[in-house]
Amino acid sequence: MRGPFLLLLRGLPGRWAGVAACCVLAGCTSNAPTPRGEVKGAPTHAAELAQSDANRMATLAMQENLDGLLRLADKLYRRNPAEWRKGSATSREQALEQLRTAVLQRQPWAPLQGRRDIAAMALALAPEFAGDRVAAFIHATADMVITAHGGKTEFFLLDGVDAQHLYNAARNVETAVWLLAQRRNAQGQPLLLADEIGQLGRNLSFEREFGKIIARLDLLAAFTTEKYRRAAISYVQGIVGGTFLQFLPVR
């Protein structure tokens with residue numbers, strides 16, 4: 001490539017040779033890949049010996065969904081700083097840590113008045129709710145997702161999940177996102193500032209993060225249904241194979 005390119009440049013007038021060289025260099029630069037991170041596997045733990053592939057998939061999906069909700073809490077606090085100030089935290093970071101602990105340890109959230117699951121989501125998205133709406137909404141949504149998984153965040157050989165409950169959880173998240181965008185408080189303002197499309201630009205990162213959570217729930221629901229369906233097919237195949245797929249005597 002280098003030899004023909006040099007010959008081409010020598011055959012061009014001086015200024016055109018410079019233009020050609022710049023174009024080629026610009027093309028090489030534009031084709032260079034931009035680093036965007038890489039896939040990283042989780043460290044191996046002894047507990048994984050008691051997990052099937054389906055168990056591991058459900059565990060990883062749960063971890064990603066909870067991490068996604070906590071990322072949303074951080075983003076919502078940045079756009080709605082007045083919310084974390086309604087609690088006992090002295091900083092946004094401390095408010096996030098309190099919320100993370102409550103979610104991961106499944107501790108009740110006092111402003112939700114003992115409500116859990118979808119009842120807590122309804123209260124967190126009620127216009128009259130006066131507490132830290134970010135924490136209440138994320139805590140309630142996380143509790144709903146965990147409840148849909150049978151109250152578990154890790155899954156082992158004897159554990160199973162209900163595909164319909166997972167599907168319902170995905171629809172609940174969709175409903176919550178719609179309510180968050182449509183409902184207004186007594187002053188006519190959105191309950192929480194999230195996605196934005198305006199003269200200063202477009203910010204749809206909230207929708208993308210919620211979309212990932214919905215997609216994981218739907219995929220796990222479909223995978224769970226397919227697993228049981230394939231188990232039934234494999235059973236029938238085993239019966240058929242036991243009858244017809246046998247070696248015949250040759251003497």
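Figure 1. Of the 251 residues in the protein, 32% are buried (under 20% relative accessible area, with a 1.4 Å probe and protein chains only). The model is predicted, with local features requiring pLDDT of at least 70 and side-chain atom pairs pLDDT 80 or more, while totals for chains, interfaces and linings use all residues. Residues are numbered from 1 along each chain as its sequence is written, and side-chain values use heavy atoms, without hydrogens and water.

**Figure 2. Secondary structure and contacts.** The protein has nine helices and two strands (DSSP runs of H or I, at least four residues, and of E, at least two, numbered from the N terminus). Their order from the N terminus is α-α-α-α-α-α-α-α-β-β-α. Of the contacts between residues at least 6 apart in sequence, 66% join residues at least 24 apart, a contact being heavy atoms within 4.5 Å.

**Figure 3. Packing of helices α5 and α7.** Helix α5 (residues 92-104) packs on helix α7 (residues 133-148) at about 20 degrees, with the axes 10 Å apart; axes are lines fitted to C-alpha atoms over the stretch in contact, and angles run from 0 to 180 degrees between N-to-C directions. The two helices are therefore roughly parallel (angles under 35 degrees).

**Figure 4. Residues at the α5-α7 contact.** The crossing of α5 and α7 is right-handed (the near helix is turned clockwise from the far one by less than a right angle). L99, A102 and V103 of α5 meet A135, I138, H139, A142 and I146 of α7. By class, seven of these residues are nonpolar, one is polar and none is charged (Ala, Val, Leu, Ile, Met, Phe, Trp, Tyr, Cys and Pro count as nonpolar, Asp, Glu, Lys and Arg as charged, and the others, Gly among them, as polar).

How values were computed:
Buried < 20%, exposed > 50% of the residue type's maximum accessible area, 1.4 Å probe, protein only. Parallel < 35°, antiparallel > 145°, perpendicular 65-115°, else oblique.
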